[in-house]
Amino acid sequence: MAFSGLPSRTFHRYRLPSSAPSHPSRETCVPCCLPGAVSRRRAAVQLLSAGFLTAVSPPPPSFAARRGRIVVRPEDYVTAPDGLKYYDLVEGKGSTAEKGSTVQVHFDCIYRGITAVSSRESKLLAGNRSIAQPYEFIVGSLPGKERKRDFADNANGLYSAQAAPKPPAAMYTITEGMKVGGKRRVIVPPELGYGKRGMSEIPPDAPFELDIELLEVISPAEK
């Protein structure tokens, strides 16, 4: 006897579709669930962040400014009677260097922001040590005459009385008028610099900056 009022076992509310998988297949996963997707996404975010920071970062200061050097504008230089251009970074308060005076200075030859030649890196006799030895010369004298001197024994070791590297010819005249404690910057042309041979990082026929610090003045009368 059939009971028409009872529900059938095949009632669709209780049937599971035979074609539906119990778990999502690999093809139906979102891309972020795939192996390596997270790392690629993270790398993309890092690249975008780096580009953004580069875009908003201020431009770096000049090399001279980073090293604490004073940047002098071309129009601020003064022209000496011999044509050399100079600028007094610091006005000294001591004795004045006159023509014929014996002076002691520290000098630095700077080419494109690089200190190529410096009395602060004087080589000892053995050449394996450096000292900051002041350079001594006579203002207005012929360049190089003072370098032919005997070796001297000093607390710093045995070294030449002029162990500092060769200065440019411009230094022998442009020091005139400086006062002890003063610092002067000079634009040195090739003909008053190191000429066609160059020196260290300074190439042949190249202009450069010369920084002079006047340490001591001995007048002709005192000497």
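A pocket, as the word is used here, is an open set of grid points where a 1.4 Å probe fits, with protein on both sides within 12 Å along at least five of seven lines. In this predicted model, the largest pocket has a volume of about 270 Å³. Its lining is made up of 16 residues, and those closest to the centre are Leu89, Arg120, Lys183, Arg185 and Asp211. Strands E2 (85–90), E3 (102–111), E10 (183–188) and E11 (208–218) each give two or more residues to that lining. Sort the lining by class and you get nine charged residues, five nonpolar and two polar.

Now step back to the whole fold. The protein has eleven strands and three helices. Reading from the N terminus, the order is α-α-β-β-β-β-β-β-β-β-β-α-β-β. Take the contacts between residues at least 6 apart in sequence: 71% of them join residues at least 24 apart. Of the 223 residues, 29% count as buried. The accessible surface comes to about 15,400 Å², and carbon and sulfur atoms account for 57% of that.

Next, have a look at the loop between E10 and E11, where you'll find Ser200 and Asp205. Most residues other than glycine have a negative phi. Ser200, though, has a positive phi, near 55°, and Asp205 also has a positive phi near 55°. How open to the outside is each one? Ser200 has a relative accessible area of 52%, so it counts as exposed, the cut-off being over 50%. Asp205 comes in at 43% relative accessibility, and therefore counts as partly exposed.

Conventions
Residues numbered from 1 in each chain as written. Predicted model: local features only at pLDDT ≥ 70, side-chain atom pairs only at ≥ 80, totals over all residues. Heavy atoms only, no water. 1 Å grid on protein atoms, 1.4 Å probe; cavity = no way out; pocket = protein on both sides within 12 Å on 5 of 7 lines; lining within 4 Å. Points joined across faces, edges and corners; volume = space filled by probe spheres on them. Helix = DSSP H or I, 4+ residues; strand = E, 2+ residues; numbered from the N terminus. Nonpolar A, V, L, I, M, F, W, Y, C, P; charged D, E, K, R; others polar. Buried < 20%, exposed > 50% of the residue type's maximum accessible area, 1.4 Å probe, protein only. Contact = heavy atoms within 4.5 Å. Areas by Shrake-Rupley, 256 points an atom, 1.4 Å probe, with all protein chains shown as cover.
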